[in-house]
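Here is a short report for a reader new to this structure. Please look over the sequence and the model, then read on.

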Amino acid sequence: MGSVRWAFRCGSWTPSRSDWLFAARCVQQEEKDRIGQFVFAKDAKSAMAGRLMLRRLVCERMGIPWSEIRLERSPRGKPYLATPLKVSPNSGPEPPSWSFNLSHQGDYTVLAAEQGLQVGVDIMKTTMPGSSSVPEFFRIMTRQFTEYEWSVIQSAGSEQQQLAAFYRHWALKESFIKAIGTGLGFNLQRVEFHLSSEPLTQKCVLHQTKMHLDEEEEEDWTFEESLLDADHHVAVALGPSNTAGAAPLRPSLPPPTSFTLLSFTDLIASASPLTEEDPVCWDGFKMKAEAPQRQREMHTSK
Ligand SMILES: CC(C)(COP(=O)(O)OP(=O)(O)OC[C@H]1O[C@@H](n2cnc3c(N)ncnc32)[C@H](O)[C@@H]1OP(=O)(O)O)[C@@H](O)C(=O)NCCC(=O)NCCS
């Protein structure tokens with residue numbers, strides 16, 4: 001069974017003109033247009049990295065030539081592969097299909113993909129709330145977590161540690177929502193996370209955290225948690241695939257996989273242009289501010 005975890009550090013990516021123009025040629029026209037509309041360079045870069053990662057995955061792991069890959073979105077926005085897979089009649093049983101998901105927040109774009117399982121990924125950077133105090137920020141967010149989860153978050157220690165616990169829970173919840181693809185319509189009180197008693201450090205991938213859905217422990221779902229660096233929590237939700245003939249999640253659960261950091265050269269390793277060079281793309285990109293003022297101040301004050 002295949003398993004892929006990739007991360008790209010968009011925050012420190014300063015693309016050259018030729019890199020940006022090449023990247024723009026290698027994604028579908030509608031995505032190139034969408035990326036061009038972001039106000040801030042940070043968002044344009046993370047969306048671009050996400051598209052290149054997805055296409056690299058499909059090309060290298062699913063064996064579809066770059067130029068034939070057609071990615072579309074579900075009505076709720078989740079990308080999926082619309083190109084039919086070619087299965088030769090003599091190649092034996094059909095291999096389990098891949099599921100993939102992207103997340104971008106803070107300084108990274110991440111991709112998680114898994115064969116035979118449903119996957120959702122979420123990355124969250126621990127940051128101080130913008131205009132309110134930590135207790136006020138938590139008060140505004142009350143409805144996102146259950147009473148039990150709040151008790152864990154608020155007993156985590158210093159405000160910084162409470163925020164880290166908050167974003168850890170957030171990433172877990174969101175990874176599940178993203179795996180099932182429902183987006184904003186899901187009642188977040190229905191899922192409750194019970195964290196692993198093992199400490200989460202940058203050296204390991206934890207997979208002991210449990211999810212309760214409607215107050216019942218969900219045996220079929222596994223959550224891999226990692227820290228890409230001290231501030232960035234990533235959660236990967238793995239659940240039973242909803243395609244017919246899918247493999248059961250247990251007992252052959254894959255060992256947890258850690259994220260591999262990719263360079264821009266890695267992102268475009270299999271890429272081939274889909275469209276002509278469009279210099280306007282670069283003119284638009286170089287005019288963008290990196291991020292909103294407050295985020296830039298926080299970045300430079302670290
Ligand atoms: C898209 C959504 C599912 C997640 O958005 P987000 O956390 O802001 O953004 P992320 O960076 O993690 O993920 C964005 C990526 O997820 C993918 N995505 C989009 N819609 C999706 C959906 N319905 N399901 C799964 N993945 C989706 C896309 O690849 C998107 O990136 P792209 O547009 O550049 O291709 C959002 O619509 C949502 O519903 N958020 C829930 C908000 C909330 O209340 N969370 C509380 C948690 S405690």
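This is a predicted model: local features need pLDDT of at least 70, side-chain atom pairs count only at pLDDT 80 or more; totals for chains, interfaces and linings use all residues.

The expected span of a helix is 1.5 Å times one less than its number of residues.

## Helix H3

H3 has 22 residues. From its first C-alpha to its last, H3 reaches 31 Å.

How many residues of H3 are buried? The count is 17 of the 22, so H3 is largely enclosed by the rest of the structure. Just after the helix comes Gly-63, with a positive phi of about 70°.

## Cys-59, a residue of H3

Cys-59 sits in helix H3. A residue needs 20 or more other C-beta atoms within 10 Å to be buried, and 12 or fewer to be exposed. Cys-59 has 19 C-beta neighbours inside 10 Å, so it counts as partly exposed.

Cys-59 and Ile-69 are ten residues apart in sequence. In space, their C-alpha atoms are 7.6 Å apart.

## Around the ligand

The ligand is surrounded by 22 residues. The closest are Arg-76, Gly-77, Lys-78, Ser-103 and Gly-183. Which elements give two or more residues to this shell? They are helix H3 (41-62), strand E4 (98-105) and helix H6 (159-180).

By class, the shell has nine polar residues, seven nonpolar and six charged.

## Two helix pairs

Two packed helices are described by the angle between their axes and the distance between the axes. Take H2 and H3 to begin with. Helix H2 covers residues 29-36. The axes of H2 and H3 come within 9 Å and cross at roughly 160°. Angles over 145 degrees count as roughly antiparallel. H2 and H3 are therefore roughly antiparallel to each other. Their crossing is right-handed.

Now take H1 and H8. Helix H8 covers residues 279-286. H1 and H8 pack at an angle of about 120°, and their axes are 9 Å apart. H1 and H8 are therefore oblique to each other. The crossing of H1 and H8 is right-handed.

## Ala-23 in helix H1

Helix H1 runs over residues 17-25 and contains Ala-23. Is Ala-23 buried or exposed? Ala-23 has 24 other C-beta atoms within 10 Å, so it is buried.

Ala-23 and Thr-201 are 178 residues apart in sequence. From C-alpha to C-alpha, they are 34 Å apart in space.

Most residues other than glycine have a negative phi. Asp-214 lies in the loop between strand E8 (210-213) and strand E9 (216-217). With 10 other C-beta atoms within 10 Å, Asp-214 is exposed.

Glu-215 is also placed in the loop between E8 and E9. Phi of Glu-215 is near 75°, a positive value in a residue other than glycine. Glu-215 has 8 other C-beta atoms within 10 Å, so it is exposed.

Technical notes
Residues are numbered from 1 along each chain as its sequence is written. A residue is near a molecule or strand if its C-beta atom, placed from the backbone, lies within 6 Å of it. Helices (H or I, at least four residues) and strands (E, at least two) are DSSP runs, numbered from the N terminus. Ala, Val, Leu, Ile, Met, Phe, Trp, Tyr, Cys and Pro count as nonpolar, Asp, Glu, Lys and Arg as charged, and the others, Gly among them, as polar. Axes are lines fitted to C-alpha atoms, for helices over the stretch in contact, and angles run from 0 to 180 degrees between N-to-C directions. Angles under 35 degrees count as roughly parallel, over 145 as roughly antiparallel, 65 to 115 as roughly perpendicular and the rest as oblique. A crossing is left-handed if the near helix is turned anticlockwise from the far one by less than a right angle, and right-handed if clockwise.
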